[in-house]
Amino acid sequence: MSVSPEKRPLVAVAALGGTISMVPGDGEDHAVPRLTAADLLGDLGENLEMDVRAETLAGISSASMDFATLIRTRDWAARAVDEGAEGVVVIQGTDTLEETAYFFELTWASEAPIVITGAMRNPSLPSADGAGNILAALTVAADPRGRGRGSLVAFNDDVHAGRWVRKTHSSHVEAFSSAPAGPLALVSEGLVHYFHPAAARPAALPLENADFSGLVPIVESGVGDTGELLETLVKAGVKGVVLAANGAGHVSAGTADVIERVLPEVPIVVAGRTGAGPTFRGTYGFRGSESDLIAMGATMAGWLDPRKSRLLLHTLLATGASRERVEAEFRLRGDLA
């Protein structure tokens, strides 16, 4: 990307911790988050045609990621854009990176891209991938063709949409995929090669006065499931439930009986546990089928997987969305037809 000297883009970088920031301490064998944003960047930005402003916002493993940290990071990123940043990079651990990416996809209103990255190998290991991923993320964030694309993930030189990206391996450096849609772009020789033009995105969900207290769990269906766990959770006072259902959105007859009883109390979203493909709407008619659950008033997640469905449902409920609004948002963001 060639940029004139008087027009160097500013990229804001936030570090939240994760494997990419972890190194063993003196006399210790196990890596823990220690490196700051300045440590992670080193001199990466010095040879790029951009200005970089970095800040350490947290030093946690991504297993400890919470909504408060996500909201604080989103607000910081929005201020950075208001102050002149043309793109934002968020560096964090990979365990929940796909959820962070989708949270930003739901709530990021700016045209500037927000790019999430991390590493599968900490800096003390051979072939650590952190520096390369940060470099790719900076390149994506500074490229004007990233505008209007919302939340992006730069990892292993691929660029994924926050809408689709998933972590699909526990240890490989090629840990992220966005099947069936595929990556949006590839970073090569310091350039971003986009495969498709930017598409229209749904409006960002507002977070004013959002209250993320309360539980919105994922309950997975399987052999021998009777719905007992679901009923126990509803009695305990959960705000809503995402069912990681079998196949195209199917549960056992016993679970269907429980769903019918509890739906007046809490919203239930039905997502597929397979990791690929949509929930159906009108193919099967047995007890516990997608048609049966829709007739009861359950919401189908469409192409959204259970984790992304949980992020969307929790965000909607945190802002006081009605059942009708929940249904409408899942149709808007989960269906492709």
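Modeller: Two strands are said to pair if DSSP finds at least two bridges between them. The model shown here is predicted. In it, strand S5 (residues 87-91) and S6 pair in the parallel sense over four bridges.

Biologist: Which residue does Val88 stand opposite in S6?

Modeller: Val88 stands opposite Ile114.

Biologist: Are the residues on the two faces of strand S6 buried or exposed?

Modeller: A residue counts as buried under 20% relative accessible area. In S6 (residues 114-117), Ile114 and Ile116 lie on one side and Val115 and Thr117 on the other, and all of these are buried.

Biologist: What does the secondary structure of the protein chain come to, and what share of its residues is buried?

Modeller: The chain has nine helices and 16 strands. Of its 337 residues, 51% are buried.

Biologist: How does the radius of gyration of the protein chain relate to that of a compact globule?

Modeller: A compact globule of 337 residues would have a radius of gyration near 20 Å; the protein chain has 21 Å, which agrees. Along its principal axes, the C-alpha trace spans about 65 × 50 × 35 Å.

Biologist: What share of the contacts joins residues at least 24 apart in sequence?

Modeller: Contact means heavy atoms within 4.5 Å. Among contacts between residues at least 6 apart in sequence, 74% join residues at least 24 apart.

Note on methods. Residues numbered from 1 in each chain as written. Predicted model: local features only at pLDDT ≥ 70, side-chain atom pairs only at ≥ 80, totals over all residues. Heavy atoms only, no water. Rg over C-alpha atoms; globule rule 2.2 N^0.38 Å. Buried < 20%, exposed > 50% of the residue type's maximum accessible area, 1.4 Å probe, protein only.
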